Amino acid sequence: MEFLVRFETHLPDSMNDAERGRLKVAERARAMELREDGILKRLWRVPGRRAVIGLWEAPDATALHDALASLPQWPWMDVTVEPLATHPQEA
């Protein structure tokens with residue numbers, strides 16, 4: 001099942017640069033693992049914001065939630081998920 005996932009990350013202002021850098025590296029590494037597993041299909045940045053739109057694939061919403069929650073920046077993400085259904089023209 002495919003999902004359109006929108007998220008924006010809001011790291012605390014009190015977080016130091018070293019921790020921000022560590023999280024960025026860890027986030028990229030985890031995203032690459034999710035790509036290799038076929039869960040994360042595509043990502044797009046939203047210009048001017050710390051926001052991302054992604055195409056994800058998982059067996060169900062619970063598996064998607066588990067994948068998203070495995071991201072290191074998850075505690076600071078505002079996430080919106082839209083399950084996608086195949087359009088009759090695409091079938």
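**Salt bridges, pair by pair**

Analyst: With a relative accessibility of 34%, Glu82 counts as partly exposed, a class that lies between buried (under 20% relative accessible area) and exposed (over 50%), using a 1.4 Å probe and protein chains only. This is a predicted model, in which local features need pLDDT of at least 70 and side-chain atom pairs count only at pLDDT 80 or more, while totals for chains, interfaces and linings use all residues. Residues are numbered from 1 along each chain as its sequence is written, and side-chain values use heavy atoms, leaving out hydrogens and water.

A salt bridge is a side-chain nitrogen of Lys or Arg within 4 Å of a carboxyl oxygen of Asp or Glu, and by this rule the count comes to 5. One of them joins the side chains of Glu82 and Arg6, at 3.4 Å from N to O. Because Glu82 lies in strand β4 (residues 77-84) and Arg6 in strand β1 (residues 2-9), this pair ties together parts that are 76 residues apart in sequence. Arg6 is also partly exposed, at 37%.

The closest N and O atoms of Glu19 and Arg22 are 2.8 Å apart, and Glu19 is partly exposed at 26%, as is Arg22 at 46%. Glu33 and Arg30 form a salt bridge at 2.9 Å, and they are also 3 residues apart in helix α1.

How values were computed. Helix = DSSP H or I, 4+ residues; strand = E, 2+ residues; numbered from the N terminus.
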